[in-house]
Amino acid sequence: MKVTFLGCGDGFSIEQGHNSALLTFADTNLCIDFPESSHFGLHQLGMKLNQIEHIFITHLHEDHVNGLQKLALYHRVYPGRVKPKLYVPTGLKDDLWQILRHGLELTTRGKRVFEDYFDVECVENKFTVEGLTFELVPTLHVPDMLSYGLLCKPYFYFSGDTRLDENYIRSIADEVKTIYHECHMQDDQLPSHTSLEELLTLPESIQAKVILMHYVDDYLELKLREKFHQQYKFRLAKPLLGYS
Ligand SMILES: [Zn+2]
Ligand SMILES: [Zn+2]
């Protein structure tokens, strides 16, 4: 299992790309979320959009889904080995198609539906790809908004966008090698995201497993990163670096 961030910036990031990870395993791949900036990340890895075989969507904020229309069209024009398979939490499917349909429904060859572009699988609690199980974990992002993290034992927990759910993190920490957790890395507390201050309440043994993602572009500056890495056990995710 290799986890490569195609971007690890927050929703307003210009330089890092929005948060999205490419998992490669068992001769296939799965993207967690697909913002527009992931296209450039893939390009830098020497990959094309039609090589993406599986996608999981954590929630519908635009910095997590705004590359899907392009990916869908690219696959239609330049078919890859397989039609991309889209794993969508059940409650999000109709809303996601509403977001995408304005650019995908009408074509010169007639009307298209969601399933013309993607092999859509609605998922409730978990799904399996090539024998690997991914468990959906409801997160604490925005009240009443459906949002999910992904647990893939024994490899990782990927928080998606969320406030810190300390009890949950403590409960799974021993079962995974790495915890990819969002952290806005800003002085002001953002009510729908996790602050560094909150993450510092976790035991150091857990902190050492945490790679931070979805953070502000300020931390691209080398000196600031070095200082951070000297001071804390957390590591800041770096785009295009493969974590195993
Ligand atoms: Zn986000
Ligand atoms: Zn969000």
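Helices are DSSP runs of at least four residues, numbered from the N terminus. In the predicted model described here, helix α6 spans residues 166-172 and holds both Glu166 and Arg170, which are four residues apart, about one turn of the helix. The two side chains form a salt bridge, with the closest N and O atoms 3.0 Å apart. Glu166 has a relative accessibility of 26% and so counts as partly exposed. Arg170, at 40%, also counts as partly exposed. Elsewhere, salt bridges with shared partners connect Glu135, Lys153 and Glu175 in one network.

A search of the whole structure gives eight salt bridges. One of them joins the side chains of Glu121 and Lys85, at 2.8 Å from N to O. This pair links distant parts of the chain, since Glu121 belongs to strand β8 (residues 119-123) and Lys85 to strand β5, 36 residues apart. Glu121 counts as partly exposed because its relative accessibility is 28%. Another salt bridge is formed by Glu115 and Lys93, whose closest N and O atoms are 3.0 Å apart. Glu115 is in helix α5 and Lys93 in helix α4, so this pair ties together parts of the chain that are 22 residues apart in sequence. Glu115, at 33% relative accessibility, counts as partly exposed, and Lys93 counts as partly exposed at 22%.

Helix α4 (93-104) has four buried residues, namely Leu96, Trp97, Leu100 and Leu104. Viewed down the axis of α4, these residues fall within an arc of 95°, and therefore they line one face of the helix. The face turned away from this buried side carries the exposed residues Asp94 and His102. Among the elements that cover the buried residues of α4 are α2, α3, β5, β6 (106-107) and α5.

Helix α3 (residues 68-77) can be described in a similar way. Its buried residues are Leu68, Leu71, Ala72 and His75. They cover an arc of only 100° around the axis, so they lie on the same side of α3. The cover over these residues includes β4 (54-56), α2 (62-65), β5 (85-89), α4 (93-104) and α5 (114-117). The loop between α3 and β5 contains Tyr78. With 47% relative accessibility, Tyr78 counts as partly exposed, as exposed would require over 50%. Between Tyr78 and Leu49 there are 9.0 Å in space, C-alpha to C-alpha, although the two are 29 residues apart in sequence.

Leaving aside residues up to four places away in sequence, Phe5 touches Asn19, Ser20, Ala21, Phe158, Tyr180 and Met213, among others. The residues that Phe5 touches also include a group near the end of the numbering used here, among them Ala237, Lys238, Pro239, Leu240, Leu241 and Tyr243.Asp33 is a charged residue in the loop between β3 (28-32) and α1 (38-44). Asp33 is buried yet has no salt bridge, and Lys70, the nearest side chain of opposite charge, is 17 Å away. A salt bridge would require a nitrogen within 4 Å of a carboxyl oxygen. The side chain of Asp33 does make a polar contact of 2.7 Å with the side chain of His64. Beyond residues up to four places away in sequence, Asp33 touches Asn19, Ser20, Phe56, Ile57, Thr58, His59 and His64.

Some features of the backbone remain to be described. Most residues other than glycine have a negative phi, and most peptide bonds are trans. The peptide bond from Lys153 to Pro154 is cis, with omega near 0°. Pro154 lies in the loop between β11 (148-152) and β12 (156-158). Asp144, which is not a glycine, has a positive phi of about 70°. Asp144 is in the loop between β10 (132-138) and β11, and at 82% relative accessibility it counts as exposed. Leu240 likewise has a positive phi, near 70°. Leu240 occurs in the loop between β15 (235-236) and β16 (242-243), and counts as partly exposed at 28% relative accessibility.

Definitions and conventions. Residues are numbered from 1 along each chain as its sequence is written. Chains are lettered from A and ligands numbered from 1 in the order in which they are written. This is a predicted model: local features need pLDDT of at least 70, side-chain atom pairs count only at pLDDT 80 or more; totals for chains, interfaces and linings use all residues. Side-chain values use heavy atoms; hydrogens and water are left out. Helices (H or I, at least four residues) and strands (E, at least two) are DSSP runs, numbered from the N terminus. Buried means under 20% relative accessible area, exposed over 50%, partly exposed in between (1.4 Å probe, protein chains only). Lys and Arg count as positive and Asp and Glu as negative; His and the chain ends are not counted. A polar contact is a pair of N or O atoms within 3.5 Å; within protein, one must be able to donate a hydrogen and the other to accept it, and residues adjacent in sequence count only if both atoms are side-chain atoms. Contact means heavy atoms within 4.5 Å. The arc is that of the directions from the helix axis to the C-beta atoms.
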